[in-house]
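Let's take a walk through this one together. Have the viewer open and follow along.

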Amino acid sequence: MIDTSAFQGKKAAFFTLGCKLNFSETSTFGRLLSEMGVSTAGEGEVADICIINTCSVTEVADHKCRQAIHRMVRNHPGAFVVVTGCYAQLKPETVSQIEGVDLVLGANEKANLIQFLSEAWGGVKNGEALHRYHTQKTKDIKTFAPSCSRGNRTRYFLKVQDGCNYFCTYCTIPYARGFSRNPSIASLVEQAEQAAAEGGKEIVLTGVNIGDFGETTNERFVDLVKALDKIEGIKRYRISSIEPDLLDDELIEYCAQSRAFMPHFHIPLQSGSDEVLRLMHRRYDTALFAHKINLIKKVMPDAFIGVDVMVGTRGEKPELFEETYNFLQSLDVTQLHVFPYSERPGTMALKIPYVVSDGDKKLRSKRLLDMSDNKTHAFYERFIGYEAEVLFEKAARGRAMHGFTKNYIRVELPPSPDNDRLDNQLVKVKLGDFNHDKTALKALL
Ligand code: SF4
């Protein structure tokens with residue numbers, strides 16, 4: 001039994017690091033707290049509760065998490081400080097010892113945030129931090145914290161899956177989030193219908209390894225896609241990221257003729273060298289990846305394709321990086337998300353002897369980022385002068401407003417007091433030239 005009176009009238013502050021999944025979960029924490037009578041602290045206000053949702057994808061991410069925790073503790077003196085997310089799951093003791101941290105919740109516990117909060121809150125005496133933590137071993141992480149929230153964004157983020165069974169040699173995510181698990185198609189349809197009832201028009205499907213959907217419920221991801229496509233109120237869906245070996249041809253072909261799944265894919269390649277892919281324990285080769293890209297482009301010639309690439313992993317000798325470079329150059333993809341490899345304690349990759357220097361990692365990243373700019377620029381240029389439907393997103397007062405076309409071209413409207421009425425509206429525009437910093441095309445209404 002939760003005593004709601006302890007929550008009434010309190011204010012909470014949130015800080016999120018990492019992936020879309022974390023952002024989606026944080027906004028769900030916000031919603032759960034608001035149902036208990038807790039409002040979000042405004043800019044400069046001191047909160048009673050701080051929630052920090054952490055990431056542990058690299059050493060740098062761990063460092064940023066510690067900085068964020070210190071900052072929140074400093075900015076909200078006396079607040080009850082809760083830390084959750086991947087860093088909290090992997091290093092609960094370290095996190096709980098940080099000055100000012102009251103409660104650390106691991107991957108299994110965050111689903112019961114309110115319960116834990118209400119129990120622990122009473123234990124705080126004279127503002128002294130509790131330094132308490134609750135985490136389970138990876139194999140025991142079983143709960144699925146449902147999440148379908150928009151936070152302060154226009155788009156909704158629907159969490160359809162959590163965890164991963166792949167254990168790629170460089171990755172700690174399965175240790176932080178546990179094995180793959182998912183809710184039923186029926187429950188996800190219900191959440192999407194609720195989002196539509198609240199006026200949501202676009203939903204991004206999020207998860208750790210989305211294509212693995214169905215492990216728990218014996219269902220298929222493509223059937224989830226078909227079921228969601230029937231919800232009329234939702235005009236657009238995007239799949240946040242999907243492993244190439246799980247991106248079925250059937251799914252690609254369905255998306256091409258679907259009502260609301262957008263011609264927009266995000267696919268992790270990680271390396272364009274078959275030898276490096278083997279060292280990474282990835283479950284595909286470059287031939288399969290090229291087949292997926294070619295099929296998408298055959299059935300959806302205007303599709304935007306984003307690709308994750310990791311540079312400087314152990315074993316990536318110079319000639320193998322050149323293979324990646326040439327492979328990516330040959331592919332009709334739109335944007336590269338380039339991540340310099342970072343060593344993670346406890347991962348199998350540490351057994352690979354060949355190490356790439358930081359200087360070489362930087363050079364390789366730079367070459368791929370330049371290639372990415374050229375590809376994105378060429379893609380945008382193809383659509384200048386065409387008409388497109390844009391879903392505009394809320395902008396801060398006095399700032400330019402942005403939105404995306406169906407195929408994920410970023411479109412910009414200059415600041416105007418009239419822009420507010422366009423938030424969450426689908427608007428037909430003519431696509432003009434690039435904006436000043438070439439990050440969007442100008443909208444001509
Ligand atoms: S597929 Fe590989 S890289 Fe992605 S979360 Fe799973 S283990 Fe990590």
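Start with strand 3 (residues 49–54) and strand 4 (residues 80–85), which run parallel and are joined by 6 bridges. Within that pairing, Asn-53 has Thr-84 of strand 4 as its bridge partner. Strands here are DSSP runs (E, at least two residues) and helices are too (H or I, at least four), numbered from the N terminus; two strands pair if DSSP finds at least two bridges between them. A word on what you're looking at: this is a predicted model, where local features need pLDDT of at least 70, side-chain atom pairs count only at pLDDT 80 or more, and totals for chains, interfaces and linings use all residues. Residues are numbered from 1 along each chain as its sequence is written.

Zoom out and you get an open sheet of 6 strands, in the order 2-1-3-4-5-6, with parallel pairing. Strand 2 (39–40) and strand 6 (132–134) sit at the edges with a single partner strand each, so one side of each has no neighbour in the sheet.

Now for helix 1 (residues 20–35): its 16 residues should span 22 Å at 1.5 Å a residue, and the end C-alpha atoms are 23 Å apart, which agrees. That expected span is 1.5 Å times one less than the number of residues. After helix 1 comes Gly-37, with a positive phi near 100 degrees.

At the chain level, the domain assignment gives domain 1 (4–136), domain 2 (148–381) and domain 3 (387–444), with bounds that come from an automatic or database assignment. The centres of domain 2 and domain 3, taken over C-alpha atoms, are 26 Å apart.
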